[in-house]
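Student: I am new to this structure and would like a close look at one part of it. Please take me through a single element and its residues in one connected answer.

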Amino acid sequence: GALLGQGAFGSVRLLVSRRAAGPEEDQLHQRAEKRPYAVKIIEKTRLLHLADIQKVQREADIMGKVSGARRHPNIVGLHRVLCSRTHLFFVMEFAGSSNL
């Protein structure tokens with residue numbers, strides 16, 4: 001997806017998911033709902049020091065805690081954290097074109 005930002009450990013890109021609208025609709029005429037997400041992609045090779053790893057872990061922990069049901073509307077929600085052999089992925093709400 002489109003590049004939204006660049007940081008010390010990686011980048012943030014736009015991801016648009018497509019998912020089915022509901023099981024009650026006819027399979028052939030099922031409309032897809034497009035939902036935008038911002039995905040922070042962290043390259044593990046850039047986490048050179050223990051402090052870097054702790055910083056990323058702390059960010060994930062804090063975002064997870066503030067992304068609950070009673071989340072403030074001005075805080076971007078974290079949907080999930082995924083991990084591959086080489087990268088970490090923070091899947092977050094997309095805040096649109098607003099300045100953060």
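Predicted model: local features only at pLDDT ≥ 70, side-chain atom pairs only at ≥ 80, totals over all residues.

Tutor: Ser 11 lies in strand E2, which covers residues 10-20. Ser 11 counts as buried because its relative accessibility is 13%, and the cut-off for buried is under 20%. Leaving aside residues up to four places away in sequence, Ser 11 is in contact with Leu 3, Gly 5, Gln 6, Val 39, Lys 40 and Ile 41.

Now the helix itself. Helix H1 runs over residues 50-66. Buried in H1 are Asp 52, Val 56, Ala 60 and Met 63. These residues cover an arc of only 75 degrees around the axis, so they sit on the same side of H1. An α-helix has 3.6 residues a turn, so residues three or four places apart point the same way. On the face of H1 turned away from the buried side are the exposed residues Leu 50 and Lys 65.

Val 66 also belongs to H1. Val 66 counts as partly exposed because its relative accessibility is 33%. If residues up to four places away in sequence are not counted, Val 66 touches Arg 71 and Ile 75. Val 66 and Gly 77 are separated by 11 residues in sequence, with their C-alpha atoms 7.4 Å apart in space.

Conventions. Residues numbered from 1 in each chain as written. Heavy atoms only, no water. Helix = DSSP H or I, 4+ residues; strand = E, 2+ residues; numbered from the N terminus. Buried < 20%, exposed > 50% of the residue type's maximum accessible area, 1.4 Å probe, protein only. Contact = heavy atoms within 4.5 Å. Arc of directions from axis to C-beta.
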